[in-house]
Each structure stands twice: as structure tokens, then as C-alpha cells.
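Welcome! Please take a moment with the sequence and the 3D view below, and then read on for a short tour.

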Amino acid sequence: MRFEALTPKEKDRIHEGALEVLAEVGLQLPASSGVAARLAGAGLRLSDDGRLRLPRAVVEAALRRAPRTVRLGARDPLRTAVLDGTRTYVTTDGCGSKTID
């Protein structure tokens with residue numbers, strides 16, 4: 001059984017909206033994070049207002065290079081969560097969002 005919460009059209013609207021926000025609003029990054037310096041190495045620049053705006057082409061290129069499968073490794077390999085779009089995982093703590101690769 002496969003559950004789809006959104007239609008393909010709804011997914012496209014969210015994707016397009018995210019691309020618009022990243023390009024027009026951008027990101028406010030703490031100067032101390034070092035992220036801005038790393039992104040500058042990729043050809044991006046902070047604007048005069050201190051925001052990093054990500055052009056559509058940059059985001060789409062990054063998405064093409066991103067891995068299609070992510071593994072959240074567990075001490076017990078049988079408990080490793082494989083995030084590949086074919087499975088659903090339910091947790092009570094939300095720690096997956098705090099995973100550092």
C-alpha cells in the first residue's frame with residue numbers, strides 16, 4: 001500500500017514556491033557559521049543586506065547531485081533507517097532532523 005499525501009501538481013507548486021523564496025528572499029546566515037564562506041566558494045555571494053540568495057539554477061544543480069537514498073545508521077544495523085522514498089518511518093522524538101552527517 002502506498003500513501004501519497006500530495007498530488008504531483010501540489011508537489012510541483014511547493015517546489016516552485018521554495019525555489020522562488022530561495023531566489024528572492026534568500027537565507028540569513030550567522031557570520032560565524034562558515035556556511036556563507038563555503039557557499040561563496042561555489043560562486044554565491046551575500047547581498048548588501050546580508051542575505052544569501054540562491055538562484056534557481058544553483059538549487060536545481062544541487063538537487064541533481066544530491067543522493068537519492070540517505071541512510072540514518074543505527075548501532076544495530078537492522079535498525080538503520082533507509083530514506084529512499086519507498087518507506088515510512090514514525091518516531092516520537094523527531095531526532096532525524098538533528099542527524100549530523
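**A first look**

Of the 101 residues in the protein, 10% count as buried, where buried means under 20% relative accessible area, exposed means over 50%, and partly exposed lies in between (1.4 Å probe, protein chains only). This is a predicted model, in which local features need pLDDT of at least 70 and side-chain atom pairs count only at pLDDT 80 or more, while totals for chains, interfaces and linings use all residues. Residues are numbered from 1 along each chain as its sequence is written, and side-chain values use heavy atoms, with hydrogens and water left out.

**Overall layout**

- The protein has three helices and four strands; these are DSSP runs numbered from the N terminus, with helices being H or I of at least four residues and strands being E of at least two.
- Starting at the N terminus, the order of elements is α-β-α-β-α-β-β.
- Among contacts (heavy atoms within 4.5 Å) between residues at least 6 apart in sequence, 37% join residues at least 24 apart.

**How α1 meets α3**

- Two packed helices are described by the angle between their axes and the distance between the axes.
- Helix α1 (residues 8–24) and helix α3 (residues 56–65) have axes that come within 9 Å and cross at roughly 125°; axes are lines fitted to C-alpha atoms, for helices over the stretch in contact, and angles run from 0 to 180 degrees between N-to-C directions.
- On the α1 side, His15, Glu16, Leu19 and Leu22 meet Arg56, Val59, Glu60 and Leu63 of α3.
- The residues of this contact divide into four nonpolar, one polar and three charged; Ala, Val, Leu, Ile, Met, Phe, Trp, Tyr, Cys and Pro count as nonpolar, Asp, Glu, Lys and Arg as charged, and the others, Gly among them, as polar.

**The nonpolar core**

- Leu19, Leu29, Leu44, Leu52, Leu54 and Val59 are the six residues of the largest nonpolar core, a core being a set of buried Ala, Val, Leu, Ile, Met, Phe, Trp, Tyr and Cys residues joined through side-chain atoms within 4.5 Å.
- Val59 sits in helix α3 and counts as buried at 14% relative accessibility.
- Beyond its neighbours within four places in sequence, Val59 is in contact with Leu19, Leu22 and Leu54.
- Val59 and Leu22 are 37 residues apart in sequence, yet their C-alpha atoms are 8.5 Å apart in space.
- Leu44 touches Leu39, Leu52, Arg53, Leu54, Pro55 and Val58, leaving out residues up to four places away in sequence.

**Two loop residues**

- Pro55 lies in the loop between β2 (51–52) and α3, and at 40% relative accessibility Pro55 counts as partly exposed.
- Arg68 has its place in the loop between α3 and β3 (70–72) and is exposed, with a relative accessible area of 59%.
- Setting aside residues up to four places away in sequence, Arg68 touches Leu63, Leu83 and Asp84.
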